[in-house]
Amino acid sequence: MKNVRVVFSKTGRARFISHLDLVRTMTRVMRRARIPLWYTEGFNRHPYLTFAAPLSLGFEGLRETMDLRLEEDMPFEELVSRLNEAFPEGFEAISAAEAVCKAGELAQSVYRLALDCPIDAVRALLAQGEILVEKRTKKKTVKTMDIRPAFADAQVEACDGGTVMTVTLPTGNDNVNPGLFLQALNAVNGGTYGMRVLRLELLTAAGEPFR
Amino acid sequence: MIDNNKLENLFLQVQKPSRYTGGELNSVTKERNKVAVRFAFCFPDLYEVGMSHLGMKILYAQFNNEPDVWCERVFTPDADFEALMRQNDIPLFGLESRDPIRDFDFIGFTLQYELCYTSMLNMLDLAGVPLRAADRGDDMPLVVAGGPCVCNPEPIADFVDMFFLGEGEEVDLEVINLYKEHKKNGYSKAAFLRACADIEGVYVPSLYDVSYNEDGTVKCVEPRDGVKPTVRKRIIRDLDLCYYPDYFVVPYTDIVHDRAMSEIFRGCIRGCRFCQAGFIYRPVREKSVDTIDRQSHALCESTGYEEFSLSSLSTSDYTQLEPLLDRLLDWAEKEHTNISLPSLRVDGFSDELVNRLNVLRRAGLTFAPEAGTQRLRDAINKNLTEQEILDTASKAFRGGWTAVKLYFMMGLPTETMEDIEGMAILGQKIVNCFYANPDKPKGKGVTVSMSASCFVPKPFTPFQWEPQTTMQELEEKQKHLVESVHTKKISLSWHDAKTSFLEAVLARGDRRLCRVLEVAHERGFNLDAWSEHFDFNAWLAIFDEVGLNPAFYANRRRDFSEVLPWDHLDYGVSKEFLVSENKKAHEATVTPNCRQACSGCGAACWKEGVCVEKR
């Protein structure tokens, strides 16, 4: 039995696959790729497969991770190439290796946000002392939170009349979803701006790639 | 062309967008300029339902197996996405190319149940093509349809250019090939339809004129332009040689039947008198163990599905079931693949086999006694005795099952309140069976779920002349069933009598109903099989306005001599046979199944399958 962390990208049409559907899709990909997955023991046997940080529906990711457990050894390069043969459109396996970081070490994500909003409006929002948004909690209540601190180091540049922002946000316990920024932007401007989200990298608290 | 960015922004505003995005595993993409024929295969219901349908998977793969044909999937968009499509002028598109289907050569519908007719019209409207066949010219796609509803397509005859009767594998490609020829030599829709009308299994409704008697019954159906007076269905003669896909499109989102499916035979030997499938798919033709084994394994490998089911009308009637399961389990167990067996009688199985299947999946056990008493089961020719049901239940309980589902029908011809009470009594006997098992699992109770649907008389069955029980009577019977159940181990559910009434009207209706459907479409009716969309009173109002009495179609007893709206269609089973079966029903006399003896239904004309087996 061996724990393997696969790094993969999920882009294009694949961004419309929800996290729940992703788990089912990956299980089938593994079977098609004839990856010797380890199955849990017990009444309802299923392969062991976990994801470090679910990606919201509509977001793309360049370096997502998925942990799996193999029943027999298999060279990592072969695992990667077999996955790439079996993946549907929008997925690509980049690397596979034994996991270095524990799942709990994942702390932040680097995002690139492409907003169809002029850069001045984005700068104006970032210049505010606080950016209050309403966030739904797991208990289905709504709480108000200030996302200004999370976006303090955001880099912005104009691009084709829109704005591209690169920002590193907390992931996991104090998760900040980049969608909240768009929510705040539209609340201020009364607009219906859109945003395309690309997650570039998962990081540990020390800023090292989560591998 | 549809603007992709605009479309994808809409996807983010709807529930389960992966129903509309395409790009699923194994979906087929071709180059637009390298194909001669583009076919939009439409299932007039939501993605979750349509993607579960085996027939669509077979034909999708078979069409795409042709290098110059590109077949794409199209489903009814859910209400949220439809609203956005209409607001943003997005026409109905094929999932694979995202091209508008009004630019395709064919728009094909599979019609599995009558209540999807409004969705068919809504999809044509969303596609931007005129609803009526007569309003679509040479520059419009041809609208074609197949599936079981096509055995009486008259209520939708004005909207569809041609129907394919029976099994589609051969006839669909013949029509497509003829289309390619016509396209090369100067296409006109009229000439093409006339040529198609000479193909066996093709029904072009515009080439048949219907006249009516004063009492509203059909006077006669007259062919025009020298087309064949009777259209006979097509069948596949040898299922081992017939195309079967080695891949399915694997959806991202959860669908109703999310598994691989292996068809093991077509038709049914039983001849239950209420069951349309039991008559229109005759004769029974089996696939060999080798073929099923090979096809099942190939499908599991190409899809990654962790489960597959054996599909047929009555899987326990497969003559080689135990050897087949042995073969399949050989690899399925090793590969962690579950085999699911629907509607099965396990009383004939060895304990070892029951155990092996158990290891893989402990699904619920389902029976369809259909009627509560032996007398009524004899009248409907349901060859299932109470003893068989109890034996199977006992065996399943010994194997560890704790849940049993029972399917019944209400409103069957000759039914009395005693038959209704019989359902409750049978349920109670099964509960008792569970407690009679000395090895029953500790701390676990038994659940018997009984579901009662309302009987709908269908064309090409011995009950095609029977009146449907009125809604009021059905509701009384439902109430009586509730009062007859005295234990909490039995849970009851039933179908809404109102939807069954509309189903009965459309199932045996004539062409005058086209106007009703057209008005229903104008009022925005869609997805009527879903209770949240179904508005019964609004339907009644339309019948009233159009001047048709729905009870004339649903609740009227037809005389054997009456010309039925589907009499010019031929499914191989003779009218004389259906008449004699109807008479036997009223005498509660059974007819042996096809393996016991030939009863001379007429399907032997094809000289295939069970009709030529040694008995």
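Trainee: Which residues of helix 15 of chain B are buried?

Mentor: Keep in mind that this is a predicted model. A residue is buried if 20 or more other C-beta atoms lie within 10 Å of its own. In helix 15 of chain B, the buried residues are B:L474, B:K477, B:Q478 and B:L481.

Trainee: Why are they on the same side of helix 15 of chain B?

Mentor: An α-helix has 3.6 residues a turn, so residues three or four places apart point the same way. The buried residues of helix 15 of chain B are B:L474, B:K477, B:Q478 and B:L481. They share a side of helix 15 of chain B because they cover an arc of only 105 degrees around the axis.

Trainee: Which residues are exposed on the other side of helix 15 of chain B?

Mentor: Start from the buried residues, B:L474, B:K477, B:Q478 and B:L481. Then turn to the other side of helix 15 of chain B. The exposed residues there are B:Q472, B:K479, B:V482 and B:E483.

Trainee: What do the buried residues of helix 15 of chain B pack against?

Mentor: Look for both strands and helices of chain B. The strands are strand 16 (403–410), strand 17 (447–454) and strand 18 (490–494). The helices are helix 14 (417–436) and helix 16 (497–507).

Trainee: How far apart are the end C-alpha atoms of helix 15 of chain B?

Mentor: Work out what to expect. Helix 15 of chain B covers residues 471–484, which is 14 residues. At 1.5 Å a residue, they should span 20 Å. The model agrees, with the end C-alpha atoms apart by 20 Å.

Trainee: Now helix 2 of chain A. What arc do its buried residues cover?

Mentor: Helix 2 of chain A covers residues 76–86, and its buried residues are A:L79, A:L83 and A:A86. They sit on the same side of helix 2 of chain A, because around the axis they cover an arc of only 65 degrees.

Trainee: Which residue in the turn between strand 8 and strand 9 of chain A has a positive phi?

Mentor: Five bridges join strand 8 to strand 9 (residues 162–170) of chain A, and the two run antiparallel. A:C159 has A:G162 as its bridge partner in strand 9 of chain A. The strands form a hairpin with two residues between them. The turn residue with a positive phi, about 50 degrees, is A:D160.

Trainee: How far apart are the C-alpha centres of the two domains of chain A?

Mentor: Chain A is divided into domain 1 (2–99) and domain 2 (105–204). Ten residues of domain 1 of chain A are in contact with twelve residues of domain 2 of chain A. The C-alpha centres of these two domains are apart by 28 Å.

Trainee: Which residues outside its sequence neighbourhood are in contact with B:Y203?

Mentor: B:Y203 lies in strand 6 (residues 202–203) of chain B. B:Y203 is buried, because 26 other C-beta atoms lie within 10 Å. Leave aside its neighbours within four places in sequence. The contacts are then B:M162, B:F163, B:L165, B:V231 and B:L569.

Trainee: How many residues of chain A are in contact with chain B?

Mentor: Take the chain B side, which has 18 residues in contact. By class, they are seven nonpolar, nine polar and two charged. On the chain A side, the number of residues in contact is 17.

Definitions and conventions. Residues are numbered from 1 along each chain as its sequence is written. Chains are lettered from A and ligands numbered from 1 in the order in which they are written. This is a predicted model: local features need pLDDT of at least 70, side-chain atom pairs count only at pLDDT 80 or more; totals for chains, interfaces and linings use all residues. Two strands pair if DSSP finds at least two bridges between them. Helices (H or I, at least four residues) and strands (E, at least two) are DSSP runs, numbered from the N terminus. Two residues are in contact if their C-beta atoms, placed from the backbone, lie within 7 Å. Ala, Val, Leu, Ile, Met, Phe, Trp, Tyr, Cys and Pro count as nonpolar, Asp, Glu, Lys and Arg as charged, and the others, Gly among them, as polar. The expected span of a helix is 1.5 Å times one less than its number of residues. A residue is buried if 20 or more other C-beta atoms lie within 10 Å of its own, exposed if 12 or fewer, and partly exposed in between; C-beta atoms are placed from the backbone. The arc is that of the directions from the helix axis to the C-beta atoms. Domain bounds come from an automatic or database domain assignment.
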